[in-house]
Amino acid sequence: MIVALIIACEVGFWVLLAAGLSLRYLAKMPRLGAAVLLCEPLLELVLLVVTTLDLKNGAAPDWKHGVAALYIGYTVAYGHYTVKWLDGHAAHRFAGAPKPAGAGYGAARAVHEWKLWARTVLGAAVALGLLQLAIWYVGDAGDVSSLKGWQFGALRAVGIHALVAVGYTVWPKKAPAGAGEPQPSLAKTER
């Protein structure tokens, strides 16, 4: 049941996101669209409650509970960021707003990657906290090795993401050739 709920929450996230952005930009109902977008955290709350009830009702803690904790941590850290990023692109595409700036190159890209790493640290901290609460809740009554394994997995994700950020710092991404140079206008080239 937990796996089905995780999948339902992921699908629900994207459905609510599409509905909220559609209401905002296509139906020209920005307040209703914002209200729909604000419903997204309720999905994670439902997942947290159901996972807790599953453990309370005597379910053996296993990989499903670990995935639920990591999913909640990820959405806490990256959910708003994803919504904001997609909202900026939808505003550009459907409402004539300027195109959102990308991650950039060189030092700007390295800073961007370290900011993403900080989000990963936040997500891992949330997941570690939820997993530790589950470990304490189960106590000596059950085998919590799976939950401890997921804690190690969260820490491993933080470490791997740090290596990515270090890579962008040590070997900065260079702008493509010609980037930033003014493009000749079509009128000038036709003469």
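## Helix 3 and Glu-44

Helices here are DSSP runs of H or I with at least four residues, strands are runs of E with at least two, and both are numbered from the N terminus. Glu-44 sits in one of these runs, helix 3. What you're looking at is a predicted model, so local features need pLDDT of at least 70 and side-chain atom pairs count only at pLDDT 80 or more, while totals for chains, interfaces and linings use all residues. Residues are numbered from 1 along each chain as its sequence is written, and side-chain values use heavy atoms, with hydrogens and water left out.

Is Glu-44 buried or exposed? Glu-44 counts as buried, because its relative accessibility is 11% (buried means under 20% relative accessible area, exposed over 50%, and partly exposed in between, using a 1.4 Å probe and protein chains only). Leaving aside residues up to four places away in sequence, Glu-44 touches Tyr-71, Ile-72 and Thr-75, where a contact means heavy atoms within 4.5 Å. Thr-75 is 31 residues from Glu-44 along the chain, and their C-alpha atoms are separated by 7.7 Å.

Not counting residues up to four places away in sequence, Thr-51 touches Ile-2, His-65 and Ala-68.

Now for a spot on the surface. Leu-42, Leu-45, Leu-48, Val-49 and Leu-53 form a nonpolar patch there, and together they have about 410 Å² of accessible area. Patches are built from residues with over 30% relative accessible area and no salt bridge, joining like charges within 9 Å and nonpolar side chains (Val, Leu, Ile, Met, Phe, Trp, Tyr) within 5 Å. The areas themselves come from the Shrake-Rupley method with a 1.4 Å probe, and for residues only the protein chains shown count as cover. Val-49 counts as partly exposed, because its relative accessibility is 40%.

## Salt bridges

How many salt bridges does the structure hold? There are three, taking a salt bridge to be a side-chain nitrogen of Lys or Arg within 4 Å of a carboxyl oxygen of Asp or Glu. One of them joins Arg-24 and Asp-87, whose closest N and O atoms are 3.7 Å apart. Arg-24 is partly exposed at 26% relative accessibility, whereas Asp-87 is buried at 17%.

Another salt bridge brings together the side chains of Lys-64 and Asp-62, at 3.1 Å from N to O. Lys-64 counts as partly exposed, with 24% relative accessibility. Then there's Arg-109 with Glu-113, at 2.9 Å from N to O. These two are separated by about one helical turn, because they are four residues apart in helix 5 (residues 106–138). Arg-109 is buried at 14% relative accessibility, and Glu-113 is buried with a relative accessible area of 6%.

## Aromatic pairs

The structure holds four aromatic pairs. Why is the pair of Phe-13 and Trp-14 edge-to-face? The ring centres are 5.1 Å apart and the planes stand at 90 degrees, so Phe-13 and Trp-14 get that label. The rule is that rings of Phe, Tyr and Trp (its six-membered ring) pair if their centres lie within 6.5 Å, with planes under 30 degrees apart counting as stacked, over 60 as edge-to-face and the rest as tilted. Phe-13 is buried, with a relative accessible area of 8%, but Trp-14 is partly exposed at 41%.

Trp-114 and Trp-117 also form an edge-to-face pair, at 5.5 Å centre to centre and with 80 degrees between the planes. Both lie in helix 5, three residues apart, or about one turn of the helix. Trp-114 is partly exposed with a relative accessible area of 31%, and Trp-117 is partly exposed with 25%. Elsewhere, Tyr-74, Tyr-78 and Tyr-81 form one aromatic cluster.

## Trp-150 in helix 6

Which helix is the place of Trp-150? Trp-150 is in helix 6, residues 145–170. With a relative accessible area of 24%, Trp-150 is partly exposed. Trp-150 touches Trp-63, Gly-66, Val-67, Leu-70 and Leu-131, again not counting residues up to four places away in sequence. Val-67 is 83 residues from Trp-150 along the chain, and their C-alpha atoms are separated by 7.7 Å.
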